[in-house]
Amino acid sequence: MNNETGNSCPLPSCPDHYGTMPSCAGLAVPYVPFQQNAPKKYAQEEALSNGTLFPGLNLPFHLKTEGSTLPATPLSELQALEFVVLELGMYLDTHPEDTEAFTLFKQYAAMEKAAKAAYESKFGPLTKSAAASGETYGWLKEPWPWNYEQNEVK
Amino acid sequence: MFLYEKKLQFPVKIATPNPKLAAFIISQYGGPDGEVGAAMRYLSQRYAMPFAEAKGVLTDIGTEELGHMEMIAAIVHQLTRNLKAEEIAGSPFAAYFVDHTTGIYPTAASGFPWSAGSIQSTGDVIADLTEDLAAEQKARLTYDNILRFSDDPDVNNAIRFLREREIVHFQRFGECLRLCKEKMDSKNIYLTNPAFDKTTAMPKAKG
């Protein structure tokens with residue numbers, strides 16, 4: 001195994017929230033354990049809610065405020081799909097050989113594309129070029145992303 | 001180039017305005033370890049990177065930080081909407097209000113405006129990526145401290161998300177550093193700077 005890349009740990013009991021380290025390494029440079037290939041993954045809504053796709057990297061602070069959950073809206077469903085694509089894309093930057101992750105990346109990218117088109121046909125353009133396919137110029141339509149209203153249930 | 005998408009990365013839906021919290025959270029916009037600095041740092045550092053993995057990681061994380069800038073701005077905007085001047089007087093938001101009303105301005109909670117002095121772009125692979133590891137930790141602890149002050153679950157949903165992103169980014173920068181190190185001299189990683197010394201014949205470490 002290459003000491004500097006992911007693959008898998010030679011120890012059969014190595015847990016998902018652990019990574020690989022070189023058994024012998026050059027001095028005077030930082031080492032972060034490399035996340036192993038094919039890590040466990042959350043479903044998309046749980047990934048967005050936790051801020052990571054990977055249970056092994058979910059390391060929350062001890063202070064938690066209960067009582068608020070993510071709204072289940074067409075927008076948040078699209079955000080969840082897009083988040084998985086972003087998270088897998090970043091993982092693939094350092095794990096380009098993980099074929100399982102690349103297959104999932106392709107599947108989620110296709111799902112995101114379809115979900116975005118469906119969202120835009122109902123709620124208006126998300127990109128400037130999508131504004132060209134409307135019957136009238138819809139780019140200025142309220143609300144904007146920072147407005148409370150865009151994040152309300154609809 | 002960059003294309004704008006007219007939505008946030010994560011839902012920001014804050015039911016109750018709260019100028020006190022806004023006065024703290026603005027620090028993650030324009031403070032020393034805020035999202036403006038993170039985006040500028042990573043998107044500036046990528047040009048000198050000699051290795052594809054580092055170009056990719058810095059581009060992707062730097063772009064995500066632009067989205068985080070927008071999330072923090074949205075949080076501050078919603079926390080300060082529909083306020084009366086008397087609700088602001090006497091709150092920690094009053095000093096900010098005098099200068100900026102409820103506009104969004106990149107400043108630290110302590111009042112210092114955003115400065116490129118809080119970031120670096122050294123043109124050196126190991127130095128930049130090591131700075132990036134530290135930057136993610138500093139942003140993570142700032143979010144910890146915001147969570148100490150906030151009991152609003154609507155705010156904390158978004159803050160917890162942003163805090164967790166710092167941890168994931170730390171992991172990717174760490175992996176990226178190891179991938180870069182693999183391409184450098186195995187006996188002496190500091191023998192050359194591959195971002196600058198690449199045009200000459202690469203010396204090899206003795207021994």
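**Salt bridges**

Guide: B:Arg172 and B:Glu175 form a salt bridge, with their closest N and O atoms 2.8 Å apart. Keep in mind that the model is predicted.

Visitor: How are B:Arg172 and B:Glu175 placed in helix 8 of chain B?
Guide: They sit three residues apart in that helix, which spans residues 153-182, so about one helical turn separates them.

Visitor: Is B:Arg172 buried or exposed?
Guide: Buried. Its relative accessibility is 0%. B:Glu175 is also at 0% and counts as buried.

Visitor: What does A:Glu100 meet in a salt bridge?
Guide: The side chain of A:Lys41, at 3.6 Å from N to O. That pair ties together distant parts of chain A, 59 residues apart. A:Glu100 is in helix 3 (residues 99-123), while A:Lys41 lies in the loop between strand 2 (34-35) and helix 1 (44-50).

Visitor: And their accessibility?
Guide: A:Glu100 is partly exposed at 43% relative accessible area. A:Lys41 is partly exposed too, at 25%.

Visitor: Switching to the chain contacts. Which residue does A:Lys116 meet in a salt bridge?
Guide: B:Glu5, at 2.5 Å from N to O. The pair crosses between chains: A:Lys116 is in helix 3 of chain A, and B:Glu5 is in the segment before helix 1 (19-25) of chain B.

Visitor: Is A:Lys116 buried or exposed?
Guide: Buried, with a relative accessible area of 16%. B:Glu5, at 22%, counts as partly exposed.

Visitor: Which residues are linked with them in a network?
Guide: A:Glu82, A:Glu112 and B:Lys7 join A:Lys116 and B:Glu5 in a network of salt bridges.

Key. Residues are numbered from 1 along each chain as its sequence is written. Chains are lettered from A and ligands numbered from 1 in the order in which they are written. This is a predicted model: local features need pLDDT of at least 70, side-chain atom pairs count only at pLDDT 80 or more; totals for chains, interfaces and linings use all residues. Side-chain values use heavy atoms; hydrogens and water are left out. A salt bridge is a side-chain nitrogen of Lys or Arg within 4 Å of a carboxyl oxygen of Asp or Glu. Helices (H or I, at least four residues) and strands (E, at least two) are DSSP runs, numbered from the N terminus. Buried means under 20% relative accessible area, exposed over 50%, partly exposed in between (1.4 Å probe, protein chains only).
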